[in-house]
Amino acid sequence: MIETLNSSHDKGQPLKEYYADLHIHIGRTTSGQAVKISGSKDLTFANIAKEAAGRKGMDLIGIIDCHSPEVQKDIMDCLHSGEMTELQGGGISYRGTTILLGSEIEIFEEGRGAAHLLAYFPNLPVMQHFTAWMAKHMKNVNLSSQRIYVPARKLQEEIYARGGVMIPAHVFTPHKGIYGNVAPRMSEVLDPAMISGVELGLSADSEMAGLISELDGFTFVTNSDAHSLGKIGREYNRIRMAEPNFDEWVLALNKAKGRGVTANFGLNPRLGKYHRTYCLGCGHIQSGEEAVTGACPHCGSVKKVQGVLDRILDIADREESWNPADRPPYHYQIPLEFIPGLGKATMQKLLEHFGTEMSILHRASESELAEVVGSGLAERIVKARNGLLALTSGGGGTYGKVADSSTDKT
């Protein structure tokens with residue numbers, strides 16, 4: 001949590017700003033049952049809460065896959081033990097961190113493709129009610145990101161009828177993004193009135209999204225889509241609310257009563273693994289003219305996966321990006337684990353001194369960092385949190401890379 005702000009919007013109730021990562025997967029249940037097949041085995045509900053509250057310093061997190069009945073058993077165990085408590089405004093509290101219960105669901109449009117949507121609900125009973133409905137329209141409700149066999153608009157209706165909200169996930173990615181894999185406009189598939197925000201994904205930012213006018217009215221969020229504990233917080237948001245709970249978060253998404261997302265912190269899109277088009281024949285990352293026309297100059301294959309940047313340029317209805325005045329700034333920020341020379345032992349020294357990763361990234365000055373890790377690494381950390389380290393572009397399912405300090409931007 002950061003500074004208190006004065007608010008004339010809520011009868012004198014002070015608004016504060018909180019750090020939030022709203023897309024974290026569960027790999028396994030406590031009993032060992034797989035939930036997100038590609039997720040780490042130590043990504044249990046309880047472990048995520050401990051990592052987010054302790055090491056990461058997140059005030060608000062969204063744990064996806066809470067629709068799974070086996071996950072719900074773990075949640076009930078945490079509540080019954082007294083380790084966690086339900087909040088009156090929605091959400092579950094653990095050591096000062098609030099957990100929102102979410103679900104990632106796959107929709108499929110015949111003749112178009114598949115996309116992932118994120119649904120969030122205020123409490124466990126409502127999520128259980130939603131699970132009971134989904135189980136009738138899904139092959140295996142115990143697993144993450146499963147396809148639901150109802151029209152997308154019907155799914156939206158069921159979410160909002162239960163007091164939930166829906167956010168399309170990683171909208172531009174070629175694999176399961178609504179723009180990247182289904183349609184050039186969300187409104188062709190979804191009812192815009194039942195969309196509460198848009199998740200940009202690791203390979204896009206606000207500037208790129210500003211080329212599509214359909215997005216002008218939506219709040220943007222940036223989240224980690226973490227498949228391991230270490231990836232929690234690699235992208236996150238700063239949100240102004242009276243307190244971190246479900247009801248306040250919904251007000252923030254709606255930009256109501258002075259609430260709102262005040263900043264997005266994310267990777268430079270060049271680091272995203274789907275940023276540029278790549279050749280399926282040899283894996284060559286393509287750019288410029290070769291990304292949209294002709295065969296791969298390296299192997300001759302004409303089969304390619306269109307990258308996020310190239311897809312946005314293809315479907316854009318503006319020549320110049322435009323963002324409304326109430327859209328929060330997007331800050332390029334490189335996760336601490338990406339920084340050259342910052343190993344586990346050094347990271348532990350920083351955590352012992354400053355407490356959490358949010359403190360290292362937002363509260364510690366360069367001189368304070370230098371006292372712990374030396375001036376060279378302190379300078380690199382400051383450059384990382386200001387997006388000033390040199391990068392190479394990602395593509396083809398491979399993340400971009402941070403160059404060593406000799407090639408940092410100045």
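## A buried aspartate

Let's start with Asp 65: at 0% relative accessibility, it counts as buried (buried means under 20% relative accessible area, exposed over 50% and partly exposed in between, using a 1.4 Å probe and protein chains only). You'll find Asp 65 in the loop between strand E3 (60–63) and helix H2 (69–80). Helices (H or I, at least four residues) and strands (E, at least two) are DSSP runs, numbered from the N terminus. The phi angle of Asp 65 is near 80°, a positive value in a residue other than glycine.

Lys 257 is a residue other than glycine with a positive phi too, near 55°. Look for Lys 257 in the loop between helix H7 (246–253) and strand E12 (260–266).

## What you're looking at

This is a predicted model, where local features need pLDDT of at least 70 and side-chain atom pairs count only at pLDDT 80 or more, while totals for chains, interfaces and linings use all residues. Residues are numbered from 1 along each chain as its sequence is written, and side-chain values use heavy atoms, with hydrogens and water left out.

## The greasy inside

The largest nonpolar core has 101 residues (such a core is a set of buried Ala, Val, Leu, Ile, Met, Phe, Trp, Tyr and Cys residues joined through side-chain atoms within 4.5 Å). Helix H3 (residues 124–134) gives this core its largest share, six residues. Apart from it lies another core, of 20 residues, including Trp 249 and Val 221.

Ile 178 is among the residues with the most contacts inside the largest core. Beyond its neighbours within four places in sequence, Ile 178 is in contact (heavy atoms within 4.5 Å) with residues including Ile 107, Pro 168, Met 186 and Leu 190.

## Charged pairs

The whole structure holds 20 salt bridges, each a side-chain nitrogen of Lys or Arg within 4 Å of a carboxyl oxygen of Asp or Glu. In one of them, Glu 17 pairs with Arg 238, with the closest N and O atoms 3.2 Å apart. Glu 17 sits in strand E2 (residues 15–24) and Arg 238 in strand E11 (residues 236–241), so the pair ties together parts that are 221 residues apart in sequence. Both partners, Glu 17 and Arg 238, are buried.

Glu 70 and Lys 73 also meet in a salt bridge (3.1 Å, N to O). They are three residues apart in helix H2, so about one helical turn separates them. Lys 73 is partly exposed, with a relative accessible area of 45%.
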